[in-house]
Amino acid sequence: MATEPRTKKEVIVQGISASQGIAYGTVFVYLQSDVEVPCYQVDADKRIEEVSRFDKALLTTRQQISKIQDEVEKNLGKNEALIFDAHLLVLEDQALIGETIREFEATGSNIEICFNKISARYIQAFSEIDDEYLRERAGDIRDVAQRVLQNMLGQAENSLSRLAEKRIVVANDLSPSDSASIDRSAALGIVTDSGSKTSHAVIVARSMKVPAVVGVRNLTQRVKTGDWVLVDGYDGLVIVNPTEQTLFRYGKIQSDKKSFEQRLLEANRRPPVTLDGVTVTLQANIEKVDEVALVKEYFAQGVGLYRTEYLFLNSARIPSEQEQFVAYKAVVEGMAPNPVVIRTLDLGGDKPMEGKSDLFPKEANPFMGFRAIRFCLEHPEIFKDQLRAILMASVHGDVRLMYPMISGPEELGKANAVLAECKAELKTRGQRFNEAMKVGAMIEIPSAATTTDLLAKTCDFFSIGTNDLIQYLLAIDRGNDRVAHLYEPAHPAVVRTLQHIVDAAHRAGVPVGVCGEMAGDPIYVPLLLGLGVDALSMTPPSLPAVKYLVRGMTMADARALAVEVLALGSAQEIHAKCAAFAHARISQP
Ligand code: PEP
Ligand code: MG
């Protein structure tokens, strides 16, 4: 790995560990529109030069967009490439360019600040227009303005999907679509100013096996593109300008971890059976079709959660029934004969569809708002396309359908009524589907947890979404770094609620899994199994450590652990008890 003369001082910044691993390399600061643009006065004799800097940035941007457009056309087709025509038109917009230059002449401020001000004015004006097509132009202007600004600020490789070389991405925040578009071969690590362990960007980082640290406040203002940084995803540290001693120390940690990971990978080839002979179901969570290969590489027994919203987040428009069917069928066939739990859309919350502000208007409390099943029931045309696509895929393997964010029996009844309509429509069309396809619900809202017995009457299975369940039980916004330290899976309320759900489900003969991040955390796996959870589903790279632990413990001990933990009164004690149980069975370097 290349090094540079280390003249700068080492600075260690504490964040929150989000995805394990160690990465070392140069930074790429990913600027979003609300990042500050420098502001200074340009000397009178430098003004012609300043305008030509602007012209040059416009030209470079045009070349970049044309190149991307060619590639998109080659890889995805002509229609998908058309969106870039609108971007190229922004660059020719004489009003925007002319007003920027007039602002510069009037104020003498640097051209970036003038351009930022004028483009922001246009974005605002377009986003208020009462016409969907024109409103979407606001998104085009925002994208193009971002690119022009980055070119002027000397950050040429301005797209996360096209990093010019291997980099550590440092961003103030990453939207789910930002993170889904990250160039997987070039991102060494991910660091964000905001976020918490369960923000969706982090889940994507973990599934990419990229070390990540979040909640590192203001890091984007403390480093610049090209700075050297070490990311310690184990302890949640970011070390800017690490010294030779630090690099040496981390080199040793990394090689110890590597040999431990090797041991885990070997254990991963064996079946997930406890020392007292109980076979445990370990499955994988995926967001994209191309992750099926990874799921198989880790020997998962099926997909316990397919987050279909990423198909929508990565698209400029709502995918059609046929497009969705093709994606679902590819996953189902790829995983056959193992089951695939396809979760219906969980858009909204921290996953609004960008450029679709008519469908997802701004909300003060998006996590408590128009999200997931609530959105689907109000947009039956979108929901039904998806339900029919899933039903059509059900003849190609073991498909199970799951609704997110179910709040109680009435909502479940409404969703099932729409499903029944879709079945009738497919019958009229003469389209085949599996009439006996299993249908389940996520238990991730406290009201669903307390009505599990009622929901069980019309559910074939449950999956507990601990990410949301914890946020709603404890009133902790899962994406807010200010309260991230209060987000506590070991809270007695969480453990009691889990027990309540499992007992109620089992009394009704309905199996219950866990697919939140807790299911992939070795510290909590014995507790979940001891409470009686039937299956665990996690990001594929979490599987080896969980399987290693399962193979090193007895179910009898796990049950005893659950009994002990249920009697404890604080998160600290519960965490300590669970950690001691796991550590005694996994010896880490
Ligand atoms: C959860 O809430 O635990 C879950 C698995 O769903 P998501 O993280 O997609 O909200
Ligand atoms: Mg959820």
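Me: Why are E444 and D468 called donors to the magnesium ion?
Reply: A donor has to be an N, O or S atom within 2.8 Å of this metal. E444 (OE) and D468 (OD) sit at 2.0 to 2.1 Å from the magnesium ion (ligand 2), so they pass. E444 is in the loop between strand 13 and helix 17, and D468 is in helix 19, 24 residues apart.

Me: What makes Y328 and I390 a contact?
Reply: Contact takes heavy atoms within 4.5 Å. I390 is on the contact list of Y328, as are Y306 and F312, among others, so each of these pairs has heavy atoms within 4.5 Å.

Me: And which residues touch the most other members of the largest nonpolar core?
Reply: Y328, F375, Y403, F462 and L536, out of 113 residues. Helix 15 gives the most to this core, with eight residues. Another core, of 28 residues, lies apart from it, with V51 and F54 among its members.

Me: How do you know how far to trust the chain?
Reply: pLDDT is the predictor's confidence, from 0 to 100. The chain averages 89, and 90% of the residues score at least 70. Over residues 1–6 the pLDDT is below 50. Where pLDDT is low, the predicted coordinates should not be read in detail.

Terms used. Residues are numbered from 1 along each chain as its sequence is written. Chains are lettered from A and ligands numbered from 1 in the order in which they are written. This is a predicted model: local features need pLDDT of at least 70, side-chain atom pairs count only at pLDDT 80 or more; totals for chains, interfaces and linings use all residues. Side-chain values use heavy atoms; hydrogens and water are left out. A nonpolar core is a set of buried Ala, Val, Leu, Ile, Met, Phe, Trp, Tyr and Cys residues joined through side-chain atoms within 4.5 Å. Buried means under 20% relative accessible area, exposed over 50%, partly exposed in between (1.4 Å probe, protein chains only). Helices (H or I, at least four residues) and strands (E, at least two) are DSSP runs, numbered from the N terminus. Donors are N, O and S atoms within 2.8 Å of the metal (3.2 Å for Na, K and Ca); water is not among the atoms, so sites may look incomplete. Lists of a residue's contacts leave out its neighbours within four places in sequence.
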